[in-house]
Amino acid sequence: IYKSGTSTLILNKTYNNCEILIVGGGGGGGSRHAGGGGAGAVIYLTNQILNSGSYSITIGAGGGTSTGGQGGTGGDTSISYNSSTIYLAKGGGFGAWNANGGDGGSGGGTVINTAGNAVTTNIPSGKYGNNGGTGTYGGSESYWGGGGGGGASAPGANSVLRGALSIAGNGGAGINLSAIFGTNVGDSGWFGGGGGGGCSSTSQSAGSGGSGGG
């Protein structure tokens, strides 16, 4: 299942030694010189047992476009059995410029305030996510640049100053699972890249998205 929404999976028998890969929806980046959106959590587990019965599978959508300087939080991806959630990948935190970056599967970047954090409560051991990066700002908008959003295997990079101009932070890299699933899924086998930070003008350098769909 690759698009957002909810579907039902019915298993007629118990399956042992299953591999589970679920990815939360990515957070939306903020407007203009804001931080990049954080990647949705990547959860990869092996040796899982799936009993017979009906499973509800929800795929989280990506975060919405910027409203008031910040993007939207990514949707959660989950697998439920008998009305109980058994696997959950949190959506990515939003990027922002005039507020804290959003917390989520990976945290969103920011400019002025505190970058978002990766959510670490009630998660399985096979969860991947990192914090967002912080920005640079000053009296002139040439100094404004956003931090990158966190990715599955690396945090978002901080924005830095080069002379009188800011260099926005790159999004954190995702996780490379191509050796397991091949290159026809995800971003050539990568999952959970963070979004690159934004900048104020074309004379500056915007951040690049991390490998894995940043």
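## Thr110 and its surroundings

The side chain of Thr110 has a polar atom 3.5 Å from the backbone oxygen of Ala96. A polar atom of this side chain also lies 2.8 Å from the backbone oxygen of Ala99. These distances come from a predicted model. Thr110 belongs to the loop between β6 and β7, where β7 spans residues 127-128.

Is Thr110 buried or exposed? Its relative accessibility is 0%, and buried means under 20%, so Thr110 counts as buried. Beyond its neighbours within four places in sequence, Thr110 is in contact with several glycines, including Gly35, Gly101, Gly133, Gly135, Gly146 and Gly147. Among the other residues in contact with Thr110 are Ala96, Trp97, Ala99, Asn100, Ala115 and Thr134.

Strand β5 covers residues 77-81, and five of its five residues are buried. On one side of the strand are Thr77, Ile79 and Tyr81, and on the other are Ser78 and Ser80. Both faces of β5 are covered.

Which strands pair with β5? One is β4, residues 53-59, which runs antiparallel to β5 and is joined to it by four bridges. Within this pairing, Thr58 has Ser78 of β5 as its bridge partner. The other is β6, residues 84-89, also antiparallel to β5 and joined to it by five bridges. Here Ser80 stands opposite Thr85 of β6.

β5 and β6 form a hairpin, with two residues between the strands. Asn82 is in the turn and has a positive phi of about 55°.

## Cysteines

How many disulfides does the structure hold? The count is zero. A disulfide is a covalent bond between the sulfur atoms of two cysteines.

Cys18 has a relative accessible area of 14%, which is under 20%, so Cys18 is buried. Cys199 counts as buried because its relative accessibility, 17%, is also under 20%.

## Confidence of the model

The mean pLDDT of the protein is 88. Of its residues, 93% reach 70 or more.

Where in the protein is confidence lowest, and where is it highest? The lowest value belongs to strand β9, residues 165-167, with a mean of 81. Strand β11, residues 190-191, has the highest, at 95. Where pLDDT is low, the predicted coordinates should not be read in detail.

Definitions and conventions: Residues are numbered from 1 along each chain as its sequence is written. This is a predicted model: local features need pLDDT of at least 70, side-chain atom pairs count only at pLDDT 80 or more; totals for chains, interfaces and linings use all residues. Side-chain values use heavy atoms; hydrogens and water are left out. A disulfide is a pair of cysteine sulfur atoms within 2.5 Å. Buried means under 20% relative accessible area, exposed over 50%, partly exposed in between (1.4 Å probe, protein chains only). Two strands pair if DSSP finds at least two bridges between them. pLDDT is the predictor's confidence in each residue, from 0 to 100. A polar contact is a pair of N or O atoms within 3.5 Å; within protein, one must be able to donate a hydrogen and the other to accept it, and residues adjacent in sequence count only if both atoms are side-chain atoms. Contact means heavy atoms within 4.5 Å.
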